[in-house]
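Here are my notes for you on this one. Have the sequence and the structure open side by side as you read.

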Amino acid sequence: MLKKILKVTLVLIGIVILVFGCIYFNQVNKAKVKIDAMISDADKMANENDYYGAIDKLKEIPQKFNINYVGLGSIKDDVNDKIKDYTEKESNDTSGENLERAIDHGKKSIVKNLVEKGVDINSKVDGDSVFNYAVKNNCGIDVIKLMIEKGAIVGYDIVDESKDNTVNKVLRDTYDKQEEAKRQAKEKADKAEEERLDSFKDKYPEIGMTYAEVEHSMIGKPNHINTTTTANGKEEQWVYGYSTYIYFKNGIVTAIQN
């Protein structure tokens with residue numbers, strides 16, 4: 001009788017184990033299907049160079065599923081390998097587009113790292129500079145200051161005069177300083193050009209001179225200019241009195257006739 005009871009008990013235990021085993025592996029298979037779909041989505045994002053979105057998608061997997069379960073170990077390794085690979089790729093992508101994606105995903109530390117690496121923050125993406133994109137997406141004063149330190153050009157259009165906050169104060173001050181620096185640089189360049197052209201006042205025109213150099217030479221401005229436009233560009237004949245002719249092609253002296 002005891003043996004019979006023991007035998008029945010063992011059979012029941014076996015049935016219970018089998019049932020729970022089927023339920024367990026059924027759940028594992030369902031999890032695998034969902035995980036595979038998430039990995040596929042992450043791979044598509046990575047193929048479009050959206051590594052941040054891909055990494056975030058992969059990091060959702062251990063949050064939603066216990067990948068330490070028996071049967072999911074290989075998936076755990078695959079997910080970790082992909083995260084490592086995509087992290088390396090995004091950190092090496094120093095394009096303006098990648099910086100904007102980092103901004104979109106709120107990756108502030110990565111944004112700073114990319115700026116430090118030398119991303120061209122003045123490059124245009126979809127018609128606007130990366131720097132303007134950072135300002136418009138409220139990246140924070142520390143990021144804005146770092147970008148300015150790295151050479152960001154502040155246009156007046158990005159300064160919001162209706163707001164009196166720290167960011168706009170920094171933008172206004174930087175804009176004013178950059179405009180003053182440009183004015184001084186232009187003034188210096190104009191003066192240097194004026195001095196250079198002044199050195200031609202005692203020279204007679206030569207082949208290779210420009211319009212301005214001839215005008216500043218000893219014969220000065222012409223009495224008359226004849227212009228011809230061809231498929232190869234613009235040609236001019238500068239007439240001085242009745243005996244001197246200077247010929248230009250695309251702004252450069254090509255011939256002199258006396």
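1. Let's start with a strand question: which residue in β4 is the bridge partner of I225? Have a look before reading on. Keep in mind that this is a predicted model.

2. The partner is W238. β3 covers residues 224-230 and β4 covers residues 233-240; they run antiparallel, and seven bridges join them.

3. Now go to helix α2, residues 51-64. Its 14 residues reach 20 Å from the first C-alpha to the last, close to the 20 Å expected at 1.5 Å a residue. The buried residues of α2 are Y51, Y52, G53, A54, I55, K57, L58 and I61. Here's a handy rule for reading that list: an α-helix has 3.6 residues a turn, so residues three or four places apart point the same way.

4. Next, the inside. The largest nonpolar core has 28 residues, and L99, V111, F131, M147, V154 and L171 have the most contacts inside it. The elements giving two or more residues to this core are α4 (96-104), α5 (108-117), α6 (130-136), α7 (141-149) and α8 (166-198). Of these, α7 gives the most, with five residues.

5. Zoom in on V111. Leaving out residues up to four places away in sequence, V111 touches L99, A102, I103, V143 and M147.

Notes: Residues are numbered from 1 along each chain as its sequence is written. This is a predicted model: local features need pLDDT of at least 70, side-chain atom pairs count only at pLDDT 80 or more; totals for chains, interfaces and linings use all residues. Side-chain values use heavy atoms; hydrogens and water are left out. Helices (H or I, at least four residues) and strands (E, at least two) are DSSP runs, numbered from the N terminus. The expected span of a helix is 1.5 Å times one less than its number of residues. Buried means under 20% relative accessible area, exposed over 50%, partly exposed in between (1.4 Å probe, protein chains only). A nonpolar core is a set of buried Ala, Val, Leu, Ile, Met, Phe, Trp, Tyr and Cys residues joined through side-chain atoms within 4.5 Å. Contact means heavy atoms within 4.5 Å. Two strands pair if DSSP finds at least two bridges between them.
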